[in-house]
Amino acid sequence: MDLLEVFKDSEDLVDFPAGSVIAVEGAEGNHMYVVMSGEVNISINDQLLATAHSGEIVGEMALINSNIRSATVTAKTDSRLALIDRASFDSLLRYVPDFSLHVMKVLADRLKHAYDVIGH
Amino acid sequence: MKYLKMFRKWKDVEEHSAQTVLFTEGTPADALYVITSGEVELSLRGEPLGTEVAGGIIGEMAILPSAKRNTTATALTDVKLARLTRYQLEMLMTKNPDFSLHVMAILADRLRTVNHYITVQFDSAQ
């Protein structure tokens with residue numbers, strides 16, 4: 001699913017300069033984000049887990065079964081993110097099956113990556 | 001779990017007795033399973049990661065094409081499992097948004113568990 005295309009006309013675009021903190025592990029979160037441009041780092045306990053590029057999502061964990069951020073997200077470069085709030089997330093899941101499948105694959109991919117981190 | 005009824009009528013089912021190893025770390029993940037009865041232990045490199053009961057999903061790496069099992073699953077009791085291919089899962093999710101949410105919640109919970117495991121490992125390594 002091409003999220004860049006879906007969210008290109010979003011009214012909730014926010015710019016984060018390089019180095020700024022987008023989400024903090026353990027804090028409450030009510031949005032997920034689509035990286036529209038730039039790169040963001042995902043880390044847990046100060047350990048870099050992954051870098052998300054344009055078209056990828058971050059922050060989705062706080063919208064699934066919990067509102068607590070499971071990781072810290074920081075802008076690696078100047079980045080533009082599209083915000084998806086809880087209500088929009090719920091309606092996307094309900095009415096756009098491709099979005100559900102996309103999020104599910106992202107979660108599975110993150111899980112695979114986490115297992116890889118353990119394995120090395 | 002309200003989907004248990006559906007999976008108890010699922011055509012592709014497996015039954016295994018207690019102590020059976022259901023799948024092993026590193027082997028191809030060709031299907032995932034919904035536990036319809038019994039308990040399954042997931043372990044990682046011989047260390048227990050958690051127990052899944054009826055309604056739980058195991059083998060979710062099959063969501064990704066050509067993925068491998070990242071954990072070993074062992075039946076703690078006699079178990080019954082409904083076997084789903086990636087295609088079957090995608091069809092169910094497409095038709096049933098509530099089921100999508102259920103699957104996502106399971107994945108998110110497992111990710112939290114594994115992330116916690118990573119945090120503990122790094123902490124003890126430091």
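Two strands are said to pair if DSSP finds at least two bridges between them, where strands (E, at least two residues) and helices (H or I, at least four residues) are DSSP runs numbered from the N terminus. The model on screen is predicted, so that local features need pLDDT of at least 70 and side-chain atom pairs count only at pLDDT 80 or more, while totals for chains, interfaces and linings use all residues. Residues are numbered from 1 along each chain as its sequence is written, and chains are lettered from A, with ligands numbered from 1, in the order in which they are written.

Begin with the sheet of chain A: select E1, E8, E3 and E6, which in that order form an open sheet of 4 strands with antiparallel pairing. Its edge strands are E1 (13-16) and E6 (57-58), each of which pairs on one side only. Next, select residues 31-37 and 79-85 of chain A, where E3 and E8 pair in the antiparallel sense over 6 bridges; here Ser37(A) stands opposite Arg80(A) of E8(A).

H2(A) lies across E3 and E8 of chain A and runs at about 75° to E8(A) (axes are lines fitted to C-alpha atoms, for helices over the stretch in contact, and angles run from 0 to 180 degrees between N-to-C directions; two residues are in contact if their C-beta atoms, placed from the backbone, lie within 7 Å). The C-alpha atom of Asp90(A) is separated by 8.7 Å from that of Leu63(A), 27 residues apart along the chain.

Finally, show both chains: the contact takes 29 residues from chain B and 25 residues from chain A. On the side of chain B that touches chain A, H3(B) gives the most, with 19 residues.
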